[in-house]
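The following exercises are to be worked through with the sequence and the coordinates at hand. Each task is followed by its solution in steps.

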Amino acid sequence: MDIHKIIIPTPYPIGDVNAFLVKGDKLSLFDVGPKTEEALNALHKGVQEAGYKLEDIEQVVLTHHHPDHAGWVDAFPKAEIIGHEYNDHFLRRTPEFMAYRTNFYREQLQLQAVPEKYLEKIVESKDALKLYGNTPLTRYIEDGEEVPGHPGLKAIYTPGHAQSHLIFIEESTNEVIGGDLLLDKVAANPLVEPPTDLSSTRPKALIQQQESLMHLRELNVSKVYTGHGEEIVEVNELIHQRLEKDQMRLKQLLKQFDRPKTVLELTMGLYQAHYKTELGLTLSKTLGYLDCLVRDGLVEEKIVDGVLVFERN
Ligand SMILES: [Zn+2]
């Protein structure tokens, strides 16, 4: 793959994000950084280092809709903007979708026994929304499809961290542009997001993430160009470590069950040091592990007075 990495600063705790300029029959940029001045400067500089100008880019391809990856879609007015259909909800942000999204989270937080007063903080993260672009997709791409202008470079749907998440595999070299599916230093969070069908059913993000990682493992890829950090070459070894770590956390969570508990109670027990400052994130993780325990038949979930209660089998 003729690929050039561009490292872009972000204001988020994760740090820098990577974009990749790929030259095929078309010149395509995979991910575009958050919508900040610093990020735009980095994009300009990186594209120039590869011998091009921003106007030369013919396609922007998104790995997923999160603002650190999809912010600067606005900087390419003449380019095709390509990604999973779900991205569009966050690029268009229609009043209908935003209302649906708020309601979805309100329902979820009620089920998790989280007081209403935390809703806004968790749902809105208004600063984060500001760093999104406003240019909708011009073309959808789905699982199994080739990226236009790049014969042999195929999209694979890999939900978990985001419901829009795609990776792109180059079939001749078995290299992958991996978004946030597998990162070198950290496990990407299984964020709770509204489902792609916009129903009220919460996707089981950690189970999805594990299945996506197992799918990646089966592909026996040679290299992953990651959304953050360094490229990964010992891919299957790292996938093994990530899945093992989940198993360890499941065991820790099981120890919390001295009685039936709510998601909030379990989150407070599992993340004593962090739940206050990162409530949304830690709730997502706890829920992810709970979904696994329910899947494995170790824990049972019930709804009691409108709140989810988990109990050891
Ligand atoms: Zn990211």
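**Exercise 1. The largest nonpolar core**

Task: In this predicted model, identify which residues of the largest nonpolar core touch the most other members, and determine which element gives the largest share.

Solution. 
- Step 1. The largest nonpolar core has 35 residues, and those touching the most other members are Leu 253, Phe 257, Leu 283, Tyr 289, Leu 290, Leu 293 and Phe 310.
- Step 2. Two or more residues of this core come from each of α4 (95-111), α5 (119-124), α7 (205-218), α8, α9 (263-270), α10 (279-295) and β12 (307-312).
- Step 3. Helix α10 gives the largest share, namely seven residues.
- Step 4. For Leu 283, the contacts beyond four places in sequence are Leu 109, Gln 112, Val 114, Ile 122, Val 263, Leu 264 and Thr 267.
- Step 5. A further core of 25 residues lies apart from the largest one; Ala 39, Ile 57, Val 73 and Leu 91 are among its members.

**Exercise 2. The zinc site**

Task: List the protein donors of the zinc ion, classify the geometry of the site, and state whether His 69 is buried or exposed.

Solution. 
- Step 1. Four protein donors lie 2.0 to 2.6 Å from the zinc ion: Asp 68 (OD), His 69 (NE2), Asp 180 (OD) and His 228 (NE2).
- Step 2. The angles among the four donor atoms run from 86 to 163°. A tetrahedral assignment would require all angles to lie between 85 and 135 degrees, and the site is classed as irregular.
- Step 3. Along the chain, the donors follow the spacing D-H-x110-D-x47-H. Helix α2 (residues 67-70) holds His 69, while His 228 lies in the loop between β10 (223-226) and α8 (235-254); the pair therefore ties together parts that are 159 residues apart in sequence.
- Step 4. His 69 is buried, with 0% relative accessible area, and His 228 also counts as buried, at 5%.

**Exercise 3. The surroundings of Pro 34**

Task: Locate Pro 34 and determine what it touches.

Solution. 
- Step 1. Pro 34 belongs to the loop between β3 (27-30) and α1 (37-49), and its relative accessible area of 0% makes it buried.
- Step 2. Pro 34 and Trp 72 are 38 residues apart in sequence, with 6.2 Å between their C-alpha atoms.
- Step 3. Beyond four places in sequence, the residues touched by Pro 34 include Ile 8, Tyr 12, Val 17, Ala 39, Asp 68, Trp 72 and Leu 131. Of these, Asp 68 is a donor of the zinc ion.

Methods:
Residues numbered from 1 in each chain as written. Predicted model: local features only at pLDDT ≥ 70, side-chain atom pairs only at ≥ 80, totals over all residues. Heavy atoms only, no water. Donors = N, O, S within 2.8 Å, 3.2 Å for Na, K, Ca; no water. Tetrahedral: all angles 85-135°; square planar, octahedral: opposite > 155°, others 65-115°. Helix = DSSP H or I, 4+ residues; strand = E, 2+ residues; numbered from the N terminus. Buried < 20%, exposed > 50% of the residue type's maximum accessible area, 1.4 Å probe, protein only. Core = buried A, V, L, I, M, F, W, Y, C linked by side-chain atoms within 4.5 Å. Contact = heavy atoms within 4.5 Å.
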